[in-house]
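Subject: Structure handover

Hello,

Here is the structure for you to look at. Please open it before reading on.

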Amino acid sequence: MGGDVGWVIRDSFGLLLCAGGQGNLHGSSALMMELLAIRHALSECANFSLTDVIVESDSQRGILMLNDRALVDSDLEGIVFDIRQLVAALSRVSFVFAPRSCNKAAHSVAGFVSKQGGTHVWDHLGTDWLFNFLAADVNLRIRY
């Protein structure tokens with residue numbers, strides 16, 4: 001299974017710190033792709049020296065695995081190991097489930113990467129289309 005991942009890092013107010021995505025990844029399942037996105041996002045958190053991180057994912061099984069509440073599938077052990085190594089480098093990380101409807105920004109980044117291909121990273125300025133998804137995720141109404 002091939003796929004694309006997207007991730008978004010926001011501050012406690014919901015404002016964009018950075019976002020990115022990578023295309024043409026190979027994974028055996030949607031769960032593997034979700035865990036790859038989490039690994040990419042945590043790697044960027046480490047690059048930004050962020051210390052208090054809440055990871056939101058719409059993969060209930062992935063969140064259960066990362067919270068040690070479900071067994072890790074054998075084909076996911078390497079990715080989960082990498083995630084745990086990244087977590088150890090950060091001060092505090094929690095993993096929480098968020099419905100897909102609350103995570104439109106990350107899915108829009110993955111969609112962009114799927115169409116454009118390659119690897120993309122945006123800083124805190126982002127792009128217009130990403131801003132609109134971020135605003136929707138945090139329930140902001142922007143008027144012009």
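Below are notes on the nonpolar cores and the aromatic rings.

Keep in mind that this is a predicted model.

Nonpolar cores

The largest nonpolar core has 29 residues, and L35, I38, L42, I83 and F95 touch the most other members. Several elements give two or more residues to this core, among them strand 1 (2–10), strand 2 (16–26), helix 1 (30–47) and helix 3 (77–89). Helix 1 supplies the largest share, 10 residues. To see how one member sits, select I83: leaving out residues up to four places away in sequence, I83 touches L35, I38, R39, L42, L66 and F95. There is also a second, separate core of 10 residues, which includes A19, A105, A106 and V113.

Aromatic rings

The structure holds 3 aromatic pairs. In one of them, F112 and W122 are edge-to-face, 5.4 Å centre to centre with 70° between the planes. F112 lies in helix 4 (residues 104–116) and W122 in strand 5 (residues 119–122), 10 residues apart. W122 is buried, because its relative accessible area of 13% is under the 20% cut-off. F112, at 24%, is partly exposed.

F112 also pairs with W129: the ring centres are 5.1 Å apart and the planes are at 20°, so this pair is stacked. It joins helix 4 to helix 5 (residues 128–137), with F112 and W129 17 residues apart. W129 is partly exposed, at 26% relative accessibility. Together, F112, W122 and W129 form one aromatic cluster.

Regards

Technical notes: Residues numbered from 1 in each chain as written. Predicted model: local features only at pLDDT ≥ 70, side-chain atom pairs only at ≥ 80, totals over all residues. Heavy atoms only, no water. Core = buried A, V, L, I, M, F, W, Y, C linked by side-chain atoms within 4.5 Å. Buried < 20%, exposed > 50% of the residue type's maximum accessible area, 1.4 Å probe, protein only. Helix = DSSP H or I, 4+ residues; strand = E, 2+ residues; numbered from the N terminus. Contact = heavy atoms within 4.5 Å. Phe/Tyr/Trp six-rings, centres within 6.5 Å; stacked < 30°, edge-to-face > 60°.
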